[in-house]
Structure formats: structure tokens, C-alpha cells
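Here are a few friendly notes to read alongside the model. Please keep the structure open while you go through them.

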Amino acid sequence: MSIISISLNDQILSEIDAYRKALGFSGRSEIIRAGIRSFISEEKQKAEMSGDINSILLVLHDDDFDNVASDLSKDYEDMIRTRMHSKIDGKKCMELFVLRGNAKLITEMTAKYTTNRYMDTVKIVAF
């Protein structure tokens, strides 16, 4: 087993501690390992998608970055069947996309949102 070092801000540490206690994890390392396993599992599932698929892409972001969220979707307009933008809480916004198209393009679109530092949460469900 290898040991790695990461830096986390106080807010993330507080959230980790709260979930650790609520979910019964023995320590911070256990909950971080569980998060990494979940991330890897989701990425494997995305990598296995192929052909034309239907999917739902959910993105949460601060409303200051509406223009960024909108710009990220411009190259994928042909796949977007429905797009809903909603202010959900204070300054938080939700983008919900119903997509139909090539799995590789949907994965590419999802990656653009996932790797953008202004997006808070990105989830994809494919079916």
C-alpha cells in the first residue's frame, strides 16, 4: 500500500468529518478511499458506453458562471433534446440536459463540465 499526501480546505474536511461520522467510517482515510472507488467505478462505466445512447447530464454551479456553463454546451447542440436551467438555492444553479447521441461525444461533453473548475457537481446517467 502506498501513502499519498493531499491538501484539503477546512470546508471539505468538515464535510468529510460529518459524513464519516454519519456513515460510520472509521476515519478520514476510509471515506476518501470510498470516494475514490466510487469515482473510478463511475469512470469505468462511462468508458464502457458505446454507440448511440440516451443520457441525463446534471450540472450544478454558481450563477456567476452561467455563461461558462452555456459555452461548454455549444459544440453539442445536436445531441441536446432538452435543456433546463434553474436557480435552485441562493446563487446556485442547475443545468439539466437530456441527451441522445454518440456515447463518445456524450462522454466528451461530460468531461468538459467535470474538468471545468467553475462547475461544482457533474453527474451523468446513461440508459
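1. Strands here are DSSP runs of E with at least two residues, helices are runs of H or I with at least four, and both are numbered from the N terminus. This is a predicted model, where local features need pLDDT of at least 70, side-chain atom pairs count only at pLDDT 80 or more, and totals for chains, interfaces and linings use all residues. Residues are numbered from 1 along each chain as its sequence is written, and side-chain values use heavy atoms, leaving out hydrogens and water.

2. Eleven bridges join β1 (residues 52-62) to β3 (residues 92-102) in the antiparallel sense; pairing requires at least two DSSP bridges between the strands.

3. The four strands form an open sheet in the order β2-β3-β1-β4, with antiparallel pairing. β2 (80-89) and β4 (119-126) are at the edges and have a single partner strand each, so one side of each lacks a neighbour in the sheet.

4. Helix α3 (residues 66-73) lies across β1, β2, β3 and β4 and runs at about 165 degrees to β2. Helix α4 (residues 103-114) also packs on the sheet, touching β1, β2, β3 and β4, and makes about 160 degrees with the direction of β3. Contact means heavy atoms within 4.5 Å; angles run from 0 to 180 degrees between N-to-C directions, with axes fitted to C-alpha atoms, for helices over the stretch in contact.

5. The axes of α1 (residues 10-23) and α2 (residues 28-47) come within 9 Å and cross at roughly 95 degrees. The contact involves L13, I16, D17, Y19 and R20 of α1 with R28, I31 and I32 of α2.
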